[in-house]
Amino acid sequence: MTVRGADTLLTESYPYPELVGDQLCNLHVRPCVMIPFSETAFPEWISAFRAECEPPRRLRPTEPASEANNRLRGHVDDVEAFFAEYLWTAVLDPELEGFATELLAAPYRDTTFESAIHADFSPRWKIEAYLFTAEEPPAELKTIRSAKAESLYSLRDGMYPTERTKEQILTEIRAKSELFGYPDCCTEQFLEERAARFDVLLEIGAERIESLQAECETRAQVQSAFKAELDARGLPVEDLNVESRIIKQLEYLNLGQYFEEWSEDELAAFYRRKVREPLPDFFYAFFTADFYPHHPRCDASIEIGKRIESTLEQSDSSLVALYRATLMTNVFSCLGFDDLQLHRRLLSDVIATSRTGT
Ligand SMILES: [Zn+2]
């Protein structure tokens, strides 16, 4: 056991129960986990960031992209300091022990053509907190940091991805997979899928996207023209994201009924019942959010998921129910049930009922 004090966060009023059930439970077994500061997960922090310290991100009319990138990269330390403070005051209890954290903030621009067809190209911030049990910050963090910077500068005109963008993004994915202790079989499958997607987008090319934008009058027209381009290259737009593969692999389970037809009360009752016993094996392959096993029956992933559970049972059994509920949430999120606020209410309910033993 490595993390101590996580049970102090097991209260119904703690706003981020999924972090305890996922990242902190995982840290008992995995060397490093990451909390991404996304707009959906932490809307209140992101607005505080915007109000207090976000550097102006829009391009000045005459400013070349590389100068804007340099200007933003000059603010990295401030942005990291801002979120590091939030991390230890609002999210993690200072009583927690057994791991260290490092903040990584990087300006980025959307590198996907499917976003490019309707996005403005102003840079945004990607902010990630790495939690690790090693004494020294892991070496991969350096690789991740430089891959992020390189991919920002590799965009053509500050907008369109190039072959070098693809390489840097794949480098970042590989370094993260190693750092997070993901099984090789799943990493290879994911890299292959990401590379194939990039290849199709690069084959369509920036010129074609620009001419579609010029030809079409409405956004809907651009989107449907883009969809036709993808279809012609054998990559339907529905298959751009890896979730669609997972959905197909899980289809035989007919899980859809749980979240499409049930009320929140029914879901809560289902969660309360299910977390009392070990879950079916495939749930353990989804041991953390944002990880995609090469198959829900991947032995190596299931082994990690079960090892986390058995470690918790021995050392921190008050977390087991929440961990199981988080596994369910991870699977349902892959299937398109991604209402984070509802997930949080379900997890808080599991905390409340497992504490009172009802
Ligand atoms: Zn695998």
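Predicted model: local features only at pLDDT ≥ 70, side-chain atom pairs only at ≥ 80, totals over all residues.
Q: Let's start with helix pairs. At what angle do helix 7 and helix 8 pack?
A: The general idea is to compare N-to-C directions, where an angle over 145 degrees counts as roughly antiparallel. Here helix 7 (residues 163-179) and helix 8 (residues 184-215) pack at about 165°, and their axes are 10 Å apart. So helix 7 is roughly antiparallel to helix 8.

Q: Is the crossing of helix 7 and helix 8 left-handed or right-handed?
A: Helix 7 passes helix 8 in a right-handed crossing.

Q: Which residues of helix 7 and helix 8 meet?
A: On the helix 7 side, look for E163, K166, L170, I173, R174 and S177. Across from them, helix 8 brings T187, F190, L191, R194, A195, F198 and L202. By residue class, this contact divides into seven nonpolar, two polar and four charged.

Q: And how do helix 8 and helix 9 cross?
A: The axes of helix 8 and helix 9 (residues 219-232) cross at roughly 150° and come within 11 Å. Helix 8 and helix 9 are therefore roughly antiparallel to each other. Helix 8 passes helix 9 in a right-handed crossing.

Q: Which residues make the contact of helix 8 with helix 9?
A: From helix 8 come V200, I204, R208, L212 and Q213, while helix 9 supplies V222, A225, F226, E229 and L230. Sorted by class, the residues of this contact are seven nonpolar, one polar and two charged.

Q: What does F83 touch, not counting residues up to four places away in sequence?
A: F83 touches F37, L103, A105, I127 and A129.

Q: What is L19 in contact with, leaving aside its neighbours within four places in sequence?
A: L19 is in contact with L24, I35 and V91.

Q: Where does A289 lie?
A: In the loop between helix 13 (281-284) and helix 14 (299-315). A289 is buried, because 20 other C-beta atoms lie within 10 Å. Apart from neighbours within four places in sequence, A289 is in contact with D22, N330 and S333.

Q: Is D290 buried or exposed?
A: D290 is in the loop between helix 13 and helix 14 too. It has 12 C-beta neighbours inside 10 Å, so D290 counts as exposed. Check the backbone as well: phi of D290 is near 70°, a positive value in a residue other than glycine.

Q: What is phi of D157?
A: It is near 55°, again positive in a residue other than glycine. D157 lies in the loop between helix 6 (140-153) and helix 7. With 10 C-beta neighbours inside 10 Å, D157 counts as exposed.

How values were computed. Residues numbered from 1 in each chain as written. Axes fitted to C-alpha atoms, helices over the stretch in contact; angles between N-to-C directions. Helix = DSSP H or I, 4+ residues; strand = E, 2+ residues; numbered from the N terminus. Parallel < 35°, antiparallel > 145°, perpendicular 65-115°, else oblique. Left-handed = near helix turned anticlockwise from the far one by under 90°. Contact = placed C-beta atoms within 7 Å. Nonpolar A, V, L, I, M, F, W, Y, C, P; charged D, E, K, R; others polar.
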